[in-house]
Each structure stands twice: as structure tokens, then as C-alpha cells.
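Hi,

Here's the structure I said I'd pass along. Have a look, and then read on for what turned up in it.

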Amino acid sequence: MCAAMAFMGRMAGSRIFSELCGSIVNLRMYSSRVDWKQLRPMILKRIKNRTKDYPIKRMIPVAQEVVRAREILTEGVSILLRAVPVHSCKFCPEIHVGAMAHQMKSCHGFKRMIKDRPHQWGPGGLNNILVPVEAFHQENMFQDEIRHDQRFDFTRVPAVLELCHQAGAELPEGLLYRRDELCTAAEANNQNPAPLLSSELRLVGQRTLEAWERLRLGVTKLLLVYPSKVCENCSEVHVGISGHKARMCGVFKFEGWRGKHKWKKAGVDDLVPQKIVWHQRPHDPPILVDSGRDYYGHAPAVVELCVQVGARASPKYNCMMKEHGLAPPVQRDQAT
């Protein structure tokens, strides 16, 4: 019995040893004998053949829908700015949507050198609501990388339109190179009553809000197929396989970066920023102050602008906007 068990043990050990030896023999060994000069043309040919698969035909309608939604959104925000006042701080990027700007001491200055300072408000405009994000314009997504000395040879266009262009959308003539002007005039900041009725403004606001949701949904779908990059240290965006080589990063020189970008995968918030602002609910005071900061809600600037004219926001913003939250406590000096 013991001899039989010993024989079976030797057989099992020899089988395990043979399997291990076979797996070691079958491993691929990469050595320096590989001729990379012969491999390079094959790799380049494979990359060139990959360009035949783009643009993807099934994604072309999505890109065209994004272009239409962006046009409706820009037009709707321009109309609503005549009815709803927008205030922009002169020393920081914060804005406020509403008749009376808030009095919270949250200004941090242009270079974030100060904190807890009151804002100095001025008239806001279109670019305060729809933050412009630009990228280099290329003929196709497989174009060679842009070097630092070539940074002035390429035109800067809106990143969303560049993404749609690479996705195969037919852009109207002049749309790619058109610049949306900043609305700083008093007429665009609700100094005069709006020519539209309240019911008409509500329809415009609802249509603008729907265009905003379609735009972000379409960009999310396109980013799943077409690669885009964003710098981790600044807000630079590049639409393409790899980021450009232009040394334009805003980090300090003594850190040793030499202006090179540190690229990562871009998301929808990088191409279409939401620009979060304070949301003023019906049971909030007319002027938001520091004492109620924990009670007030937030909302994207476009959503807040449309809600101000009576449009209904999506339920996904309810948690952020705190619609059913408590009102801030009334101070004694205000009650008297």
C-alpha cells in the first residue's frame, strides 16, 4: 500500500514538472534580436489603415445633433439674458443669476491671493454662462502631433465643434470660426424690460434647458468613441489621440515643468463646463448672505437662468438645488 502511494506521488510530481517545463518553453521571449526597422513600417501601415474606419457612420447623427443643440442653447441664453440679470465679479470667476447679487464674502481674487472678501459685481454676459473652451483645429484625428513651434499655425476653435468636426458632422459655413461676443451691454443685462411675455420666456427657457441636456448627452456619447485630452494642471483641452506639444501650461516656472501639459482623458465637464452658481429658492431671502450659506442650494448657470423664467429643471438637480430644504434662520436684527 505504501509502495503504491509512493509510486502515485512520483507520477504526480513528474506530471507537474513536465507541465511547468512546457509552460516555460512556450513563453514568448522578447530579446534584442528583434528587427524594429522591419516592424516600424508594419505599425505605420496598421495606423494608416485604421483611419479608414473613421468617422464612424453611426455617430455622425449624434455629432449633428450636438451642433444643433449648441446653436439652440446659444440663441436661447442670449434671449434670456435680456430678461434675467447676471452679475459677474470683477476679481474672480464667480457669477450670480438673479435680480440682486448675493453678499457672501467668498471672493478669492484673480490669482487666489486673498480670501473671504466681498465681491465687486459688474454686468455679466454670454461667456459667463457658457464658458468658452477652445482647442486646436485639425483636419482629422490621426494628424501628426502639433509641435511647440507650430502652435501659431493652427486655428483655435470651440472644443465641442472640433469634436463634432472629427466625428463627421457637417458644420455650417462660418460656424467653426465664429466667435460668440461677450454680452456686457446694459441692454443684455435686464436694464430694460424684456419684449417677450412671461409665457414666451417660459417656452424659451424650457427649450434652452432641453438643448443643454441634449448637448451634454451627445458630447458624452462622442467622448466614448473619439479620444480627447485635458491637462491636469490647467484647463487646456485637445481633441485627438494624443495631446499637443505646445508648452502653454500655466504652472510656475520654478516647478520645472517648462510649460508642458500633463494630459489625461477628458470628460464632458471639461468640454462643456457647468459653471455652478448659487440657487435662490422661493423661501430664501431676496439677498443671500453668509449666515445661510449651509442652507442655500446650487445649480449650473444655464439651469438657474432657465429656472428664473419658469422652466422646469430635471429631477436630477433636486439634490443640488435643495428645493425642499429648510430656509435659513431669520436673524434678530432682520426680524426687528
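Does H3 pass H6 in a left-handed or a right-handed crossing? Left-handed, going by this model, which is a predicted one, by the way. The two helices are H3 (residues 60-80) and H6 (residues 198-223), and their axes come within 8 Å of each other, crossing at roughly 145 degrees. Sorted by class, the residues in that contact are 16 nonpolar, 4 polar and 5 charged.

Next, the core. The largest nonpolar core has 61 residues, and those touching the most other members are Ile-129, Val-219, Leu-222 and Leu-271. H3 and H6 each give two or more residues to this core. So do the helices H4 (126-129), H5 (159-166), H7 (268-271) and H8 (301-308), plus strands S2 (95-97) and S7 (237-239).

Setting aside neighbours within four places in sequence, Leu-271 is in contact with Val-133, Ala-159, Val-160, Leu-163, Val-219, Leu-223, Val-237 and Ala-266.

Last, the aromatics: the structure holds 1 aromatic pair. Trp-278 and Tyr-296 sit edge-to-face, at 6.2 Å centre to centre with 90 degrees between the planes. Trp-278 belongs to strand S9 (residues 276-279) and Tyr-296 to the loop between S9 and strand S10 (297-300), so the pair ties together parts that are 18 residues apart in sequence. Both Trp-278 and Tyr-296 are buried.

Cheers

Key. Residues numbered from 1 in each chain as written. Predicted model: local features only at pLDDT ≥ 70, side-chain atom pairs only at ≥ 80, totals over all residues. Heavy atoms only, no water. Axes fitted to C-alpha atoms, helices over the stretch in contact; angles between N-to-C directions. Helix = DSSP H or I, 4+ residues; strand = E, 2+ residues; numbered from the N terminus. Left-handed = near helix turned anticlockwise from the far one by under 90°. Nonpolar A, V, L, I, M, F, W, Y, C, P; charged D, E, K, R; others polar. Core = buried A, V, L, I, M, F, W, Y, C linked by side-chain atoms within 4.5 Å. Buried < 20%, exposed > 50% of the residue type's maximum accessible area, 1.4 Å probe, protein only. Contact = heavy atoms within 4.5 Å. Phe/Tyr/Trp six-rings, centres within 6.5 Å; stacked < 30°, edge-to-face > 60°.
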